[in-house]
Structures are given as C-alpha cells and as structure tokens.
Amino acid sequence: MLVSSLNRRVEERALDWTGGCLCGAVRYRATAEPIRAVHCHCGMCRRESGAAFLTHVHFPIAAFAWTQGEPTRYQSSAEAGRGFCRRCGSTLTMHETVLDDRVQVTLGSLDRPEGVRPQDHVWTESQLPWLKIDDDLPRFQRISSAVPSRALDGEDT
Ligand SMILES: [Zn+2]
Ligand SMILES: [Zn+2]
C-alpha cells in the first residue's frame, strides 16, 4: 500500500513537465511525456527566438494546461502561430495547423530542459555555417520524416 502510493507519486513527478517565461507571468504544465523534441534551424525560428536555432518540445494537447496566464499568439504563416509572453517577450510556443493534437513549447522555457532528449535537426539547409553540432541525431534539410508538415510546400515554419 505504502509502496504503491510512493510509486505513484514518483511516477506523477516524472510525468510532470512544468515551465514558463522569464518573468513568470506565463506558466504551464504537461502531464505526459513529450511526443517529440526537435532542433529547428529555420530562419523564422531564428528570428523569433533571437538564438542560432530553436528547439521545440511537443506535448499532447490533452495533457497540457496553462497554469498561469497565456501567451500572446502571433500568426507567423498561414499554417503556424507562435506564442510569447507579452510582458517579458519570452518565446514560448508554436502551434501548427497540421499538428493540432499537440502544443510545442520551447525547450528553454522548461524548468528541467536537461530531461528532454531531442530527436533530430530540421531545416539544416538554413543552419548557420559556423555552428558545429557534435551529435549523431538525424538531420533533415527541411522537414523531418517523423511528422507531417505543410512546410513541404515551401512554407517555412
Ligand atoms: Zn513573461
Ligand atoms: Zn523553425
């Protein structure tokens, strides 16, 4: 009895992914393991984040909730919107119409990003030439074979 309730608590904590923005006005919680995590080197992610590339962590939308505030959404293309904190400007989410079963949060907004295992790199044709990444992950010039995307049509997401 005691052991099983302890196990349950450990399990719940393991599945509890929390995060938020720099100022704390926006917070979220996901209670499922990430579906996927991907490094994106596209020019839009670079521009939006101000970083050399941006890593998105996908959680099932059914297991995801905003626990404080909500991001402001910017519609960056016909197929995708991007969420940010309107107070501090932190880059927080991406929402793609073809992936409406999930919320994509930025890796850096997670409280324990070290627990995520990214799966691949996408849009490497736009990767900065001086950026050297020493990993063995699959690399895709554009989109990954792991997920559907309208980015195939040339629409950079
Ligand atoms: Zn904020
Ligand atoms: Zn991108």
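User: What is the mean pLDDT of the protein?
Analyst: The mean is 89, and 85% of the residues reach 70 or more; pLDDT is the predictor's confidence in each residue, on a scale from 0 to 100. This is a predicted model, where local features need pLDDT of at least 70, side-chain atom pairs count only at pLDDT 80 or more, and totals for chains, interfaces and linings use all residues. Residues are numbered from 1 along each chain as its sequence is written, while chains are lettered from A and ligands numbered from 1 in the order in which they are written.

User: What makes T91 buried or exposed?
Analyst: A residue is buried if 20 or more other C-beta atoms lie within 10 Å of its own, exposed if 12 or fewer, and partly exposed in between, with C-beta atoms placed from the backbone. T91 has 22 within 10 Å, so it's buried. You'll find T91 in strand β8 (residues 91-96); a strand here is a DSSP run of E with at least two residues, numbered from the N terminus.

User: Which residues does T91 touch, leaving out those up to four places away in sequence?
Analyst: E48, S49, F84 and T106. Touching means the two C-beta atoms, placed from the backbone, lie within 7 Å. For T91 and E48, 43 residues apart along the chain, the C-alpha atoms are separated by 7.2 Å.

User: And why does A62 count as exposed?
Analyst: A62 has 11 C-beta neighbours inside 10 Å, so it meets the exposed cut-off. A62 is in the loop between β4 (54-60) and β5 (64-68).

User: How do you know which strands are at the edges of the sheet?
Analyst: Look at the pairing: two strands pair if DSSP finds at least two bridges between them. Seven strands form an open, mixed sheet in the order β6-β7-β8-β9-β4-β3-β10. β6 (72-75) and β10 (120-122) each pair on one side only, which makes them the edge strands.

User: What joins β3 to β10?
Analyst: Three bridges join β3 (residues 36-40) to β10, so the pair passes the cut-off, and the two run parallel. One bridge partner in β10 is D120, paired with V38.

How values were computed. Helices (H or I, at least four residues) and strands (E, at least two) are DSSP runs, numbered from the N terminus.
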